[in-house]
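Please read them with the structure open.

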Amino acid sequence: MPEAAGLYYEEHGSGPPLILSAGMGGSGNYWRPNLPALAERHRVILYDHRGTGRSDRTVTPRIESIGEDIRLLMDALGIARASILGHAIGGMGGLSLALDMPERIEKLVVVNGWGRLDPYTQRCFDARLALLRAYGPGKYVDAQPIFLFPPRWISENDARLEEEARHHVAGFPADMVEARILEALQFDLIDRLEARPLARPVLLLVSDDDALVPPSCSERLAQALPQAQLVRMPWGGHACNVTDPPGFEARVLAFLGE
């Protein structure tokens with residue numbers, strides 16, 4: 001099992017390095033639908049966040065630690081500079097690394113992220129946290145599609161979601177998810193970004209129908225990132241890379257290839 005700095009990782013394809021960082025759940029498997037297209041043009045490196053999956057299971061709730069672990073992974077693999085594709089808090093971890101060490105970042109893609117938590121998203125996180133604490137991983141995982149996917153997609157993929165839920169519950173990192181939600185509730189990057197403008201190319205990819213993180217969060221983040229591109233997907237929900245892989249990949253690869 002490939003491991004570096006306590007992190008399980010996989011490499012696919014060849015070309016400029018592209019590191020994929022998942023969101024709240026932290027599993028590198030989140031990116032499986034996108035690997036064929038991304039690996040055609042890039043040396044794709046996906047990994048499990050520390051505290052999840054096949055990585056060191058030490059709980060590391062700080063979102064900044066995601067950026068720190070990306071740097072450790074790059075150092076272990078001898079990568080001086082890479083592009084980062086991060087979903088939600090995975091993208092925020094990438095932003096944190098870019099602020100601390102911009103020389104290590106080629107380009108950065110943040111998918112349905114935020115710089116300051118929206119009151120609507122706070123209500124969603126409060127509900128997810130209460131569900132996890134009161135009923136455990138099973139009910140949390142059962143409810144998760146409501147926040148991640150459009151209603152029609154959920155209905156059309158019900159059997160797939162049932163099968164995936166059984167797999168997710170078996171290895172669910174409950175302590176890490178609870179700690180990450182609590183961290184996300186108070187995490188704020190806007191002041192840092194406004195005080196220290198980021199001089200790296202950033203794509204803010206946003207789904208107009210995201211039921212967890214409203215598009216206005218990416219719009220606010222764009223105000224603090226004057227050089228960023230804000231690109232919208234009209235449909236796809238919070239996990240738009242899963243529901244619409246071709247549309248997602250076309251937008252990401254266009255940005256990375258510029």
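**Notes on helix packing, rings and one histidine**

1. H4 passes H8 in a left-handed crossing. Left-handed means that the near helix is turned anticlockwise from the far one by less than a right angle, and right-handed that it is turned clockwise. Helices here are DSSP runs (H or I, at least four residues), as are strands (E, at least two), numbered from the N terminus. This is a predicted model: local features need pLDDT of at least 70, side-chain atom pairs count only at pLDDT 80 or more, and totals for chains, interfaces and linings use all residues. Residues are numbered from 1 along each chain as its sequence is written, and side-chain values use heavy atoms, with hydrogens and water left out.

2. The axes of H4 (residues 119–135) and H8 (residues 174–186) cross at roughly 155 degrees and come within 10 Å. Axes are lines fitted to C-alpha atoms, for helices over the stretch in contact, and angles run from 0 to 180 degrees between N-to-C directions. H4 and H8 are therefore roughly antiparallel (angles over 145 degrees; under 35 is roughly parallel, 65 to 115 roughly perpendicular, the rest oblique).

3. Which residues of H4 and H8 meet? In H4 they include Phe 125, Leu 129 and Leu 132; in H8 they include Val 177, Ile 181 and Leu 185. Contact means heavy atoms within 4.5 Å. The contact residues of H4 with H8 divide into nine nonpolar, one polar and four charged. Nonpolar covers Ala, Val, Leu, Ile, Met, Phe, Trp, Tyr, Cys and Pro; charged covers Asp, Glu, Lys and Arg; the others, Gly among them, are polar.

4. H2 (residues 64–76) and H3 (residues 89–100) have axes that come within 7 Å and cross at roughly 70 degrees. That makes H2 roughly perpendicular to H3. The crossing of H2 with H3 is right-handed. Gly 67 in H2 and Gly 90 and Gly 93 in H3 are among the residues that meet. This contact holds four nonpolar, four polar and two charged residues.

5. The whole structure has five aromatic pairs. Rings of Phe, Tyr and Trp (its six-membered ring) pair if their centres lie within 6.5 Å; planes under 30 degrees apart are stacked, over 60 edge-to-face, the rest tilted. The Tyr 30 and Trp 31 rings have centres 5.1 Å apart and planes at 80 degrees, so this pair is edge-to-face. Ring pairs link Tyr 30, Trp 31 and Phe 248 into a cluster.

6. His 12 lies in strand S2 (residues 7–12). At 25% relative accessibility, His 12 counts as partly exposed (buried is under 20%, exposed over 50%, partly exposed in between; 1.4 Å probe, protein chains only). Beyond four places in sequence, His 12 touches residues including Arg 32, His 42 and Arg 43.
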